[in-house]
Amino acid sequence: ATEAPLDLSPARYNLTLHGGANFEHKDGIGTYYFDGSDDHINITDFVVTDTSNTYEVWHWSNSQNGWETFWDSGNERPLLGLNGNNLRAYPSNTNFATIDTGKWYHIVFAFASDTDLDVYVNGKRVTEAHNWGNNQRTGTFTAWLGGDTTAETTNGYIGVARAYTRQLTPAEVLQNYNAEVSRFAVATPSLGMVHLDGNVGI
């Protein structure tokens, strides 16, 4: 279906579909599908006031060829996604995790500042206080979800996307993951509840 998503935040951003981005059911889960070529969802007049921000997605990769973008500020500061199967926050070339195709992942990039980035995969922090070493874009601009206007578009699905105007704590990330994991574990049985000590319960 060609219904654009609704922003449920108080900001009520205007979201529009571009390219082949569309709403689909993936294993019974309502998601947005991107075919890896010039697809994205525009977020009009997106506001970033400072460098403390968090970006969260539930993502499924169909394939991993070059850049697979979850989030782009419009000038790639930051551009969050995969380079091949490596989880990255461009322009940094640090690989935070290896992401497989054919599985759901809960991925969170939580910036305290441009020099303090925490990255989480499936409720667990995989990187703490990373010096991203670049300047995030601030101001009011059109941001892109799921890709950009080039082939740097994810080939797969985004089931949930959120942005916050602060750095989420480990407890908050874990709470979000555990609140939603049962929905995505239907298609990815290896997912399970994560406890505060990092252990996974099935």
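User: What covers the buried residues of helix H1?

Analyst: Their cover includes strands E3 (29–35), E5 (53–61), E9 (104–113), E10 (116–121), E13 (155–164) and E14 (193–194). Contact means heavy atoms within 4.5 Å. Helices (H or I, at least four residues) and strands (E, at least two) are DSSP runs, numbered from the N terminus. The model is predicted: local features need pLDDT of at least 70 and side-chain atom pairs count only at pLDDT 80 or more, whereas totals for chains, interfaces and linings use all residues. Residues are numbered from 1 along each chain as its sequence is written, and side-chain values use heavy atoms, with hydrogens and water left out.

User: Which residues of H1 are called buried?

Analyst: Val173, Leu174, Asn176, Tyr177, Asn178, Glu180, Val181 and Phe184 are the buried residues of H1. Buried means under 20% relative accessible area, exposed over 50%, and partly exposed in between (1.4 Å probe, protein chains only).

User: How do you know what span to expect of H1, and where does H1 bend?

Analyst: The expected span is 1.5 Å times one less than the number of residues. H1 (residues 170–185) has 16 residues, giving an expected 22 Å, and its first and last C-alpha atoms lie 21 Å apart, which is close to that value. The bend is about 40 degrees, at Ala179, taken as the angle between axes fitted to the seven residues ending there and the seven starting there.

User: What makes a void a pocket or a cavity?

Analyst: On a 1 Å grid over the protein atoms alone, a cavity is a set of points where a 1.4 Å probe fits but cannot get out, while a pocket is an open set with protein on both sides within 12 Å along at least five of seven lines; lining residues have an atom within 4 Å of a point. The largest pocket has a volume of about 860 Å³, and the structure holds one cavity of 30 Å³ or more.

User: What lines the largest pocket?

Analyst: Its lining has 39 residues, with Asp7, Leu15, Ala161, Arg162 and Ala163 nearest the centre. E13 gives the most, seven residues. The lining divides into 27 nonpolar, seven polar and five charged residues.

User: Which residues line the largest cavity?

Analyst: Phe46, Val48, Tyr55, Trp71, Ser73, Arg77, Pro78, Gln136, Arg137 and Phe141 line the largest cavity.

User: Why is Glu24 called partly exposed?

Analyst: Glu24 is called partly exposed because its relative accessible area is 27%. Glu24 is found in strand E2 (residues 22–26) and touches Ile29, Gly30, Thr31, Tyr33 and Tyr157, not counting residues up to four places away in sequence.

User: How do you know that the term partly exposed applies to Glu76 and Ala129?

Analyst: Glu76 has 22% relative accessibility and therefore counts as partly exposed. Ala129 is partly exposed because its relative accessible area is 43%.

Notes
Grid points are joined across faces, edges and corners, and a volume is the space filled by probe spheres set on the points. Ala, Val, Leu, Ile, Met, Phe, Trp, Tyr, Cys and Pro count as nonpolar, Asp, Glu, Lys and Arg as charged, and the others, Gly among them, as polar.
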